[in-house]
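Dear colleague,

Please find the structure below for your study. A description of selected findings follows it.

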Amino acid sequence: MLRLVARRVALSVPLVFVVATGTYLLAGLLPGDAARAILGQYATPTQYRQLRHSLGLDQPLLTRYWHWLEHAFHGDLGVSPFYGIPVTSLLDSRLAATFSLVVGATVVAGAIGIGLGMASALQWGRLGRVVDLLALVGLAVPNFFLGLILVAWFAVSIQLFPATGYVPLSSSPVEWIRSLVLPVVTLAVPGVAVIAKQTRDSMLEVMARPFVRTLRASGIPQRSIVFKHVLRSAAISVATVIGLVFIACLSGTVLVESVFALPGLGGLAVQATEKHDLPVIQGVVVYFTAIVVAVNLLVDLAYAALDPRVRVS
Amino acid sequence: MTALAPSSLELETPATRAQPGALRRLLRQPAALGALAFLILLAVVSIAAPLVAPYDPRAQDLARVLAGPSWHHLLGTDTLGRDVLSRILYGGRRSLLSVVEGVAVVLAVGVPLGLVAGYFGGWIDRILSRVAEVVLAIPGIILVLVVLAVVPNNEDVAMVAFGLLGTPVLLRVVRAATLRIREDLYVAAARVSGLPHRRIIIRHVLPRVIGPIVVQGSLFAAYALVFETGIAFLGLTADASTPTWGGMVGEASTVIQQQEWLLFPSGAVIAATILAFGLLGDALRDVIVAEQSATTTRPRSATSPDHALSPSRVAVARSRALLEVRDLAVAHLDGNSETFVVDGVSFDVQPGETVGLVGESGCGKSVTAHAVLRLLPAELHQCRGNVQWEGRELTLLGDREFDTLRGGTLAYVSQDPQPSLDPTFTIGSQLTEVVRHHDRCSRKQAKQRAIDLLRLVELPAPEQVARARAHELSGGMAQRVAIALALAGRPKLLVADEPTTALDVTVQSEILSLLRRLQEETGLAILLITHNWGVVADICDRAIVMYAGQIVETAAVQQLFDEPRHPYTLGLLESHPSLAEHGAALTAMRGGVPSPGTWPDGCRFAPRCRYAVPECAQAPVALHELSESRATRCIRVDEIVAVHA
């Protein structure tokens, strides 16, 4: 088990490095110019030269990259030209909102999705239809539009929740939850459908396996077969999908945090794009990639915990 | 179950078959047809926007801002009094162009790379797969933001970047499809004949993987539109006066407190268009799956049950039978048609007796056993017949009542020992669970009995086995564990479905002698399903030979071997290596078991029978008794006896 963790970590650190490098070089090679983008077309040549110098753009790309990398290894991702503060402290201050949102949405999607999926695998009523309908809504209604509809209904028409804004957990737990309900629901809807479908399909697949027949033939009651044996085997593929849903929610924050004006990484990335603040966006890329890698690692560990065969190989 | 397995022959014709057929099938689905019609209409009105739009999309009417729908403005006006309908029509141009750009990039990059990776394999494949893995680990939308920060307001560049980031998914799909085809005979033949690779890929491989490509392309179009409207909503791609669908939603969001309506026209168009792309992709996938299964499974026509057939009864000492099965029939339900898989089977099992159910794969022997145990898979159901246990009718019991018989009265051992154990629990915990269910004892006592059971099935080091999981055991050990599980409830009848088929020959005989010993010690009755005469000779008292869903002969084992009374039994015996006369050539029976639904009307074996005469094919043949414990389903039995006398 420990060796498995060690191997996974050893494989994932280089991945973060490769992605960060790729992004940096991509930004440098694109036929655009951050200084020009920041200043607009009416800047004087002197202003332009000064800004290029202060951004380091007058040096060769590889020199800049090496410089950036050196600092990055010491946990320094540079200073934001727009916000004027170190990128890492800016990003760290935005982590709480993003984590509350993404973890909340994944937990909600997981709980409802697994419940719905189990119920429809065991054929309780017409729940299969509900799952299909949710899948359609999840696909067709983009999250920014869904979020706005929820705002129109639950924040404007009946003022149940705040339309925008974020209250930190430390200042008021109740308000924290109230400020998160609408964005969490917005992010969770597509995930519910995906998780429900996977739960249903893999439960049905496991229930057709020979060992379930053996257990039934040995007289083990249906309840124990479903909740103890089938669920555990089915959970292996559900864990994978929950990991994917988490990553999709992370990408979803870019739009959802903008709709609900939440002070998170996704919304920050959009503002940084508008301000052509490259160090900040590159920082978000590094943070997001690290989170994705960490989640994949957790999914692998869940695998090992659920499936003894993974542990040995 | 073997009776229903689709033919594994996959000798598809290499031609680019059925493309027009696929299209026709697609258009027959109302959802797909509607989606396609909607998309075409949308493309037409967007391109023709200057002709069909009622207003200039930038014309402001400040006297009439935020108006609801009216005859002047069918969908109302926005914050500057501009006509919403006109802006949607013009906005469609940008959105649809972006979708086309994104899809074009994905196809242009993903298809060639996927073909190359799948066709050549090796280091090219390894490098491409690794790159795909890295790209998939990046949250794509953030990377596009990087691009938009350097090249501001350029939606074309953003869509190209989005397309590139979406490539790995298509690459993987195309690669997988190509891998499957690469090994096909005609591709291999083309390679051997020296055709250039490029030609083989374009002429022979590409047409076969076009299906998955179209599906992925359609689904990617849906994602591209979600993405395009998203960045337009954020205002990252165009100035405010240029109409875009996403931008219109963004504008509506600023006045959500005063006017909700403005949100819906643009939002609904976005949702409907995404839905259309998604539905089209799903429908295409269904059509392709249907096409593939249509070419790989044989058509199965339904047969009507032959109720005119006199109920076949085998009189075997009627008294004190443990299990009595009468006129059992099992059918496969497919839409409205029923296909019989087991058709009128009757037999008994006496206490302490071992009865063999014998026949080739697909004759219905396993289905018969599963029907008795109520372990039929969902697609099969028992449609006729009675099953009695010590005189008690089992078919009348509810599922819950029947469950009380499992393990404690009727037990079951399956063909594949390893898959029949739960891979995620230890052997000990599975055994303990079953023991506790039957004995209602303490955990400690149950553990002790679990170890005793493992010792009973002659496993060395039972404590060690109890701590192991299924994948850590050999096949023979796993089968012993499965037998221990079956014995945990002290059953009176053990149904063993080919218990030794998956095992090595030496292990086979060990398992058989274990079963024989257990039987002597506990008085267990065994119903043994097998196609192996060696097993029958080794352990069975009586054998029942099945063919095409029916019993064709029953007899005591010795009689059956010495004087078979049905040509099928004869054929099976002659084709068995260890039973054939020394020095004589082995004769293989011609043909195979007809699949359910294709059974002949008369004697079902007649087409393969060397004794067949025209009368055999005329009417169904009844099972008739030859003596108290013998029966055969052959009208020429006297001649066969004469020949072999």
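I begin with one pair of residues: Leu357(B) stands opposite Ile544(B) in strand E9(B). Strands (E, at least two residues) and helices (H or I, at least four) are DSSP runs, numbered from the N terminus.

Please note that this is a predicted model, in which local features need pLDDT of at least 70 and side-chain atom pairs count only at pLDDT 80 or more, while totals for chains, interfaces and linings use all residues. Residues are numbered from 1 along each chain as its sequence is written, and chains are lettered from A and ligands numbered from 1 in the order in which they are written.

Strand E3(B) and its partners

E3(B) and E9(B), the latter comprising residues 542–547, pair in the parallel sense over four bridges; two strands pair if DSSP finds at least two bridges between them. E3(B) is also joined by five bridges to E8(B), residues 525–530, and these two strands run parallel. Here Val355(B) has Leu527(B) in E8(B) as its bridge partner.

Is E3(B) enclosed or open? Five of the five residues of this strand (354–358) are buried, so E3(B) is largely enclosed by the rest of the structure. A residue is buried if 20 or more other C-beta atoms, placed from the backbone, lie within 10 Å of its own. In general, the side chains of a regular strand alternate between the two faces of the sheet. Both faces of E3(B) are covered, with Thr354(B), Gly356(B) and Val358(B) on one side and Val355(B) and Leu357(B) on the other.

Strand E1(B) and its partners

E1(B) (residues 323–334) and E2(B) (residues 337–349) run antiparallel and are joined by 10 bridges. They form a hairpin with two residues between them, and Gly335(B) in the turn has a positive phi of about 65°. Leu328(B) has Val345(B) in E2(B) as its bridge partner. Eight bridges join E1(B) to E4(B) (residues 380–389), again in the antiparallel sense, and Leu323(B) stands opposite Trp389(B) in E4(B).

The contact between the chains

How many residues does each chain bring to the contact? Chain B gives 63 residues and chain A gives 61, where two residues are in contact if their C-beta atoms, placed from the backbone, lie within 7 Å. On the side of chain B that touches chain A, H6(B) gives the most, with 10 residues.

Methods
Buried ≥ 20, exposed ≤ 12 C-beta atoms within 10 Å, placed from the backbone.
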